[in-house]
Amino acid sequence: MEGRAAGWVRVAAVGWAVAACAVAAGMVARRGAARVRWNRAVAVVRDLEERCATPAELLQRVVNSLAIEMFAGLASDGGSKVRMLLTCVDALPDGSSHDMTRSEEGISYAIDLGGTSFRVLKVELGAGSTIINRKVEHQPIPENLTKGTSDDLFNFIASALKNFIEREGGEVEGRALGFTFSFPVRQTSISSGTLIRWTKEFSIEEAVGKDVAQCLNEALARNGLNMKVNVLVNNTVGTLALGHYYDDDTVAAVIIGAGTNACYIERNDAIIKSLGRVTNSERTVVNVEWGSFRPPQIELTPYDICFNNETWNYYDQGFEKMISGVYLGEIARLVFQKMAEESDIFGTAVDGLSTPFVLSTPNLAAIREDDSPDLREVGKILEEHLKLPDVPLKTRKLVARVSDIITRRAARLAAAAIVAILQKIGCDGTLCGSTQVRTMRGVRRRTVVAIEGGLFEGYSVFREYLNEALVEILGEEIAATVSLRVMEEGSGTGAALLAAAYSSARQKNSE
């Protein structure tokens, strides 16, 4: 009997051992499978990092490519990936005794349209054309108006200006109006220009080819406002005007916000496509339109390409889509979606990752700048915006890494584009347009680039990466002579300054 009991004990022990081994083997298998899934997610991030790498030598090749495109765009229309549009602005305020607006006093207005919201501004100039007061109001644009009709859009803008003027108790009669319109326009005069195409979220097809200043003038008349557009510019030109007003060493202006673009001051004899054109000075402001640049040295990632299928301007504005605020958050969402397809690091309920543009660039910036030990803000954003609750810390760290990779590439490409302009006009320490080693020549001179846009102004890590890249490309000696100066509300305020000046000039010429 005792022997039989002992036998049962031995059988039970063996059974328990077998069961324990099976459980252990299952646990090992699950851990192994989890590790494989995690490694697949990590592989997605590593692949992204490799594709987005921008060493200094690669950035210099981007500089050279853009500078060449700029030369080609000045030689002929349609000869380049960047349009190099002439703006008809051939004089800028400079705050000196020769300031073109030195004798102007009074109130002028501006409308600044460039994204999903626009601004109306009132600028008051005192003695010596000193800006003594400025009032700005922001007005969001309903999404349906970005895809409706031109009449609806411009009526909405004109009505907002009318309400703004009435609230301010201002007079309309005789007031100058500047119109900042930040989409590609072929300028026909200082106060008129035809829309070439829409960018960003706008797609009002029937407006293409129309004079946008005339569209606004007609809307102003329909709303009972007795005023017309005196100056039509884009946001870069307005920012350049304000930058030059404060500092006459300002040679260019750059926008890095919802979109990105630049303009600069060019010699007329370098603009081959307009030789013989009668102007009032030896220089003209050129609108680069660098958003359409496609640097051949930079590999598009699958995440850059995919969302183009969801937009009407397929494969267009490639440079803008790698840099600007409308798109960076979307690139990150597509990476996260790929990580979720390859693994379960976000759990199983990942439908929130399927909504295009649900992750904004300000969210991306907050993820990257979260320096808390547990990345609490990262977790909060993933839960609130992507519906991904309880994401583990190690996954949050991977999410922050993706945000860093996308931010770094964008900032360094923006830096390369800025250097391309400096190289084009000979302010980068090389002979103009050459690729010689940069070195200081002659008298040390400051070069100022006016800059505006929420991405640059509001995202400190982006600024740090951009400035770091400038030093890498230019070298410390040359980089020390280049100053990036932020112009708050520069695009609208500059347009108001230019409107006051050109309005007065017309009055004087008619006397």
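The structure is a predicted model. The protein chain has 511 residues, and 54% of them count as buried. Its secondary structure comes to 15 helices and 13 strands.

**The chain as a whole**

- The accessible surface of the protein chain is about 22,000 Å², and carbon and sulfur atoms make up 52% of that surface.
- Among contacts in the protein chain with a separation of 6 or more, 72% are between residues 24 or more positions apart.

- Strand β10 covers residues 260-267 and is mostly covered, with 7 of its 8 residues buried.
- Strand β9, residues 250-256, runs antiparallel to β10, and 5 bridges join the two.
- β9 and β10 form a hairpin, with 3 residues between them.
- One of the bridge pairs here links A253 to C263, which belongs to β10.
- β10 is also joined to β11 by 5 bridges, and these two strands run antiparallel.
- Y264 has V286 in β11 as its bridge partner.

**Helix α5**

- Helix α5 is made of 12 residues, 235-246.
- From its first C-alpha to its last, α5 reaches 17 Å, which is close to the 16 Å expected at 1.5 Å a residue.
- Because 11 of the 12 residues of α5 are buried, the helix is largely enclosed by the rest of the structure.
- The buried residues of α5 include N235, V237, L240, L242, H244 and Y245.
- An α-helix has 3.6 residues a turn, so residues three or four places apart point the same way.

**Two residues with positive phi**

- M84 is not a glycine, yet its phi is positive, near 50°.
- M84 sits in the loop between α2 (56-75) and β1 (85-86).
- M84 counts as buried because its relative accessibility is 0%, and the cut-off for buried is under 20%.
- E289 is likewise not a glycine and has a positive phi of about 55°.
- The loop that holds E289 runs between β11 (283-287) and α6 (302-306).
- E289 is buried, since its relative accessible area is 7%.

**F346, a buried loop residue**

- F346 is found in the loop between α8 (325-342) and α9 (361-368).
- With a relative accessibility of 5%, F346 counts as buried.
- F346 and T395 are 49 residues apart along the chain, while their C-alpha atoms are separated by 7.6 Å.
- Setting aside neighbours within four places in sequence, F346 is in contact with F336, M339, A340, L353, L388, V391, T395 and V399.

**T447, a buried strand residue**

- T447 belongs to strand β12, which covers residues 447-452.
- The relative accessible area of T447 is 5%, so T447 is buried.
- Apart from neighbours within four places in sequence, T447 is in contact with D249, V251, L422, C427, T481, V482 and S483.

Conventions. Residues are numbered from 1 along each chain as its sequence is written. This is a predicted model: local features need pLDDT of at least 70, side-chain atom pairs count only at pLDDT 80 or more; totals for chains, interfaces and linings use all residues. Side-chain values use heavy atoms; hydrogens and water are left out. Helices (H or I, at least four residues) and strands (E, at least two) are DSSP runs, numbered from the N terminus. Buried means under 20% relative accessible area, exposed over 50%, partly exposed in between (1.4 Å probe, protein chains only). Contact means heavy atoms within 4.5 Å. Accessible areas come from the Shrake-Rupley method with a 1.4 Å probe; for residues, only the protein chains shown count as cover. Two strands pair if DSSP finds at least two bridges between them. The expected span of a helix is 1.5 Å times one less than its number of residues.
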